[in-house]
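Here are a few notes to go with the model below. Have a look at it first, then read on.

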Amino acid sequence: MAFALSSPLPFLLSDPLFALFSFVHNMAEYFAFNIADRLLGKATSLVVEHICLAGVVHSELENLKATLSTVRAVLLDAEEQQVNNHQITDWLGKLKDCFYDAEDVLDEFEYDSLLRVVVSEGGIKRKVRHFFSSSNPLAFRFKMGNKMKEIREKLDKVAADADKFNLKKMGVNVPVPVLNRKRENYSFVRASDVIGRDDDKENIIQLLMQSSDEENVSVLPLVGIGGLGKTTLAKLVYNDGRVVAHFQKRMWVCVSDEFDVKRLIKEIITSATEQKCDDLPMDVLQRRLRNELDDRKFLLILDDVWSKNRDKWLELKALLDGGAKGSKIIVTTRDKLVASVMGTCPMYELKGLYDEECLSLFIKFAFKDGRDKRYPRLVEIGKDIVKKGKGLPLAVRTLGGLLYLKVEEKDCYNELPFYLKQCFASCSFYPKDFQFFNIPLIEMWMAQGLIQPSEQNKEMEDIGNRYIDELLQKSFFQDVEEGVPGFLYSFKMHDLVHDLAILVAQPECSMLNFDGENISTKVRHVSILETGETKEEVTISRFFGKLNNVRTISFLDSDVGPKCESFVITCLLRFKYMRVLGVQYSSFEELPNSICNLMHLRYLDLRDNKSIKRLPNSIWKLHHLQILHLARCDSFEELPRDVGKMMSLRHLSLTTQQMAFPHKEREVGRKCFDSLRILGIGNCPYLESLMEGMRSFTILRTLIIAECPRLSSLPKTLPALENLTIEDCESLDLGNRNVEREGNIQGFGSLRNLLISGLPKLEILPRWLFQVPTSNTLLYLSIDYCENFRALSEEEESLSLTSLDTLVIRGCSQLLALPEGMGHLTALRQLQIERCRNLAALPDKMRCLTALTQLKIGRCPELAERRKPRTGEDWNKIAHVQDIYLDGQKIQVT
C-alpha cells in the first residue's frame with residue numbers, strides 16, 4: 001500500500017487559496033524568535049545555572065547564552081526580511097534546528113535534577129533548589145559538557161552567517177504585552193474603506209433619529225460575531241454629518257473586558273470634554289458627568305462590551321439618564337445576553353456581506369488602485385475565496401492583506417505577538433471544523449513548550465486561557481460555546497483561518513492519512529487522521545522510520561488507534577525527544593517498560609483503550625510528564641505503586657478498578673500528587689473512597705467525578721478547589737447530616753463553579769454550600785437529575801449563597817417546592833428549571849431576585865397554569881425578569 005503525508009501542499013494545490021498564497025512570502029520560519037526567547041529563559045533559569053556551576057559545563061553554558069543573546073537581537077528583522085530573501089528563510093530554518101537541539105540538552109539537565117530529588121529525598125520536592133547542595137556526578141557532567149560543546153559550536157557556525165544579511169538589532173528588549181481585550185479608544189474610520197454597509201448605516205441612523213416616548217435615553221445593541229465589522233459600522237454612524245448635527249454631545253468609549261464604572265465615567269468625560277480627569281474622587285466624577293450630559297441630547301458609543309453584570313450597568317446608566325429626550329447609546333457586542341442586559345431597543349443583528357461586496361472588499365485590500373485589471377487570474381481566484389469567507393469582512397480583508405503583503409505587511413497574523421504565532425500555527429495539527437476545547441488545547445501548548453510560567457507566578461492554565469482569549473478577540477477562533485461556566489468551553493476555526501494556520505505551520509506540523517509517499521523530513525508534530533484500508537502497526541512503523549525529529553504524535557480518530565505495542569516501541573526507539581504521545585483509541589494490553597526512556601515526555605494520552613490493564617512501574621521516572629490520560633480505559637486495574645512521585649504531573653484523568661484512590665496503604669501520610677491541578681475520575685464501578693486521609697492535594701483546582709456508583713463521600717479538605725463537577729454517583733449524598741457533622745466547612749473555601757447531576761439520594765443541598773467562608777465566590781450551581789432532591793430544610797432557608805450568579809435545576813422529580821430563602825440570592829442573574837415534574841409553585845420571594853435577567857422554565861407540568869403570562873397565579877412573581885423562556889419560547893414582557 002502507498003503512504004503519503006496529507007500535507008498542506010497537495011490539499012492547497014487543488015484549492016484556490018494555494019494560488020493566492022503562492023503570491024505571498026513564506027511564513028514558515030516565523031517562530032525562531034519565539035524558540036530563542038524560551039531557550040534563553042531556560043538557559044538562564046536557576047535550575048540550569050545551579051546544575052552547571054562546575055568546570056567546562058558552566059563555561060559552555062555561558063558561551064551558549066552569549067550566542068543566543070546575540071542571535072536573538074537580530075531575529076525579528078530576519079523574520080521580516082525573509083519575505084524577499086529566501087536565503088534568510090533557509091538560515092532561519094537551520095537556526096531553528098540548532099535551537100531545538102539545544103533545548104533537548106537543557107531539558108536533560110532539568111530532568112536530572114528532578115530525578116535526583118526523588119532518589120535523594122525519597123519523596124517529592126516542589127522547590128528544585130533544595131537539591132542543589134549536592135554536586136552532579138562526574139560522568140553526567142562530562143557527557144553533558146560534550147553535548148553542550150557540540151551544539152554550541154554548531155550554533156556558532158550557523159549564527160556567523162547572520163553577518164551576510166546586514167540584519168538590524170531589534171529584539172533585545174522586546175516587551176511581553178499584556179493580554180486582554182482592550183482596544184484602542186478612537187472613533188475615526190475612513191468611509192471609503194468600508195464596503196457593503198450602506199443599508200445598515202442608514203437603518204441605524206434612522207433609529208437614532210427616532211424619539212422615545214418612554215425614556216430620555218435609549219440603548220441600541222449592535223450585535224454580531226467577531227470580524228463582521230460592528231465597530232467599523234458604529235464609527236461610520238458616529239461620524240455621519242446628520243448624526244453630528246443631531247446630537248449636542250458625542251462620546252466614544254471602548255469597554256472591553258472589565259466593566260469598571262469609575263474608569264468608564266472618566267473616559268466618557270474625557271471623550272466629551274477632551275480633558276483628563278484621572279485623580280478625581282468618585283463623587284466629583286459623577287457630578288462632572290451629570291453636568292456634561294444633563295438636559296443635552298447626546299450619543300454615546302460603548303464599544304466591545306463583554307460584561308453581563310447588570311448591577312454595574314444600572315449603576316452607570318443611572319448617571320446617564322439625565323440626558324435630554326432623544327439621547328441614544330449604541331452598545332457593540334458579540335453576546336446576545338449582553339444585548340438583553342443593556343438594551344432598551346430591539347437589538348440590531350449585523351449579518352455577513354454578500355459575495356459581490358466581499359469581492360469588492362478583497363480587491364480593495366489586495367491591490368493598489370486599478371492594479372486588479374493587471375491580474376485577472378488573481379481576481380478569479382478571489383471570487384472563489386470570498387465564497388468560502390461566509391461574509392466576514394475581517395476574513396476577506398485578511399486574505400486580501402496576505403496578497404498585498406509583499407508591499408505592506410498588515411495581515412492579522414503578522415500583528416500577533418511572537419509568542420502567539422506558534423500557538424496559532426499549532427492548531428493546524430487538527431482537521432477543519434474541529435471542535436476545540438480550551439483545556440486540551442492549552443495542555444497541548446504546555447507540552448510543546450509554547451506556554452511559559454509568568455513572572456507573576458500565574459498558573460500556566462490561566463496563561464493559556466488568556467492566549468485563547470486574545471486569539472478569539474482577533475477572530476482566529478469563533479463559535480464559542482460554554483460548557484461549565486468559568487472553566488470549560490469550546491470553539492472552532494473558520495476554514496480560511498485554518499488554511500492560514502496550515503500555511504504558516506509548514507513544514508513542522510502535518511496531518512497524516514497514509515495515502516501516498518510524500519513526506520517532509522522536517523516534520524516535528526504529527527496528527528494521524530486515518531490509516532487507509534490497513535492498520536498494521538508494522539506498516540505504520542515503517543512509515544515513521546522516515547522521520548527523525550518528531551516531538552508530537554497523536555491519533556485523533558476512533559478508527560485509527562494502534563492495535564499493538566509495536567508502534568509505541570517504534571516511537572521509543574526512534575523519537576527519544578518526544579514531548580507528546582497520544583495513542584488514544586489503541587488496544588494493546590500494556591506499555592513497554594522502556595517508556596521511562598522518554599525523559600522529555602510531557603503529555604501521554606491513553607484514553608479509550610479498552611484492553612490496557614496496567615502501566616509499568618517505571619512510569620514514575622517520567623518526571624517531566626504534566627498530563628496523563630487514562631479515562632475510559634475500562635480494563636485498567638490500578639495505578640502503579642510509585643506514580644505519585646511524578647513531580648510535574650498537573651492533570652490526571654482516570655478510569656480504574658481500584659476501590660480507593662489513592663491506595664490507602666501506599667499513599668496515606670506521605671506526599672504524592674502534590675503538583676496536581678486537575679483530577680478527573682470516571683466510570684469506576686468499584687471506587688468507594690476518594691483521597692481519604694490525604695494532605696497533598698493542596699493545589700488541586702478542578703475535580704470531576706462521574707459514574708462512580710459506589711462512591712459515598714467526598715474528601716473533606718480541598719482548599720484550592722475552584723471547579724467541582726459530580727455526575728451519576730448514585731450512592732453519594734452530599735446533604736447527609738452525619739457527613740455534614742464530620743466535614744470541615746472551611747475545606748471548599750475557593751469554590752467557584754459547582755455542577756451536581758444524577759445524584760438520586762440527594763434530598764437537600766449540603767450545608768457547606770451555605771456556610772462557606774466569605775472568600776468563597778460561587779458563581780455557578782447546577783443541580784441535574786437528582787430524583788429525591790426536595791430543596792432545603794426550614795433551618796437552612798435563611799442561609800444563602802449571596803454571590804451565586806447562575807442556578808440550574810434539572811430532572812429533580814421529587815422536588816416539590818423551591819425555598820423562600822431563594823430571595824436572599826441577591827446576585828442571581830440566571831435561573832433555569834427543567835423536568836421537575838412535581839414542582840407545584842414558585843416561591844413568593846422570587847420577587848426579591850432583582851438582579852435576575854433570565855428565567856427558563858421547561859417541562860414542569862404542575863407549573864403550566866400558574867406561570868401563564870399575565871393570568872397565572874405565579875406570573876406576578878416573575879414578571880420583573882427581562883428575558884423569560886417558557887418551554888423554549890421567549891415571552892414578550894410588556
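**Notes on the model**

1. Let's start with Gly226: at 13% relative accessibility, it counts as buried (under 20% relative accessible area; exposed is over 50%, partly exposed in between, with a 1.4 Å probe and protein chains only). Gly226 sits in the loop between strand S2 (217-223) and helix H9 (230-238). Helices (H or I, at least four residues) and strands (E, at least two) are DSSP runs, numbered from the N terminus.

2. A word on the source: this is a predicted model, where local features need pLDDT of at least 70 and side-chain atom pairs count only at pLDDT 80 or more, while totals for chains, interfaces and linings use all residues. Residues are numbered from 1 along each chain as its sequence is written, and side-chain values use heavy atoms, leaving out hydrogens and water.

3. Back to Gly226: leaving aside residues up to four places away in sequence, Gly226 touches Arg334, Leu392 and Ser475 (contact means heavy atoms within 4.5 Å). Gly226 and Leu472 lie 7.9 Å apart, C-alpha to C-alpha, though 246 residues separate them in sequence.

4. Next, strand S3 (residues 249-256): seven of its eight residues are buried, so S3 is largely enclosed by the rest of the structure. S3 runs parallel to strand S4 (residues 298-305), and seven bridges join them (pairing takes at least two DSSP bridges). Trp252 stands opposite Ile301 in S4.

5. Last, the largest nonpolar core has 100 residues, of which Ile553, Phe661, Leu679, Leu703 and Ile783 touch the most other members. Such a core is a set of buried Ala, Val, Leu, Ile, Met, Phe, Trp, Tyr and Cys residues joined through side-chain atoms within 4.5 Å.
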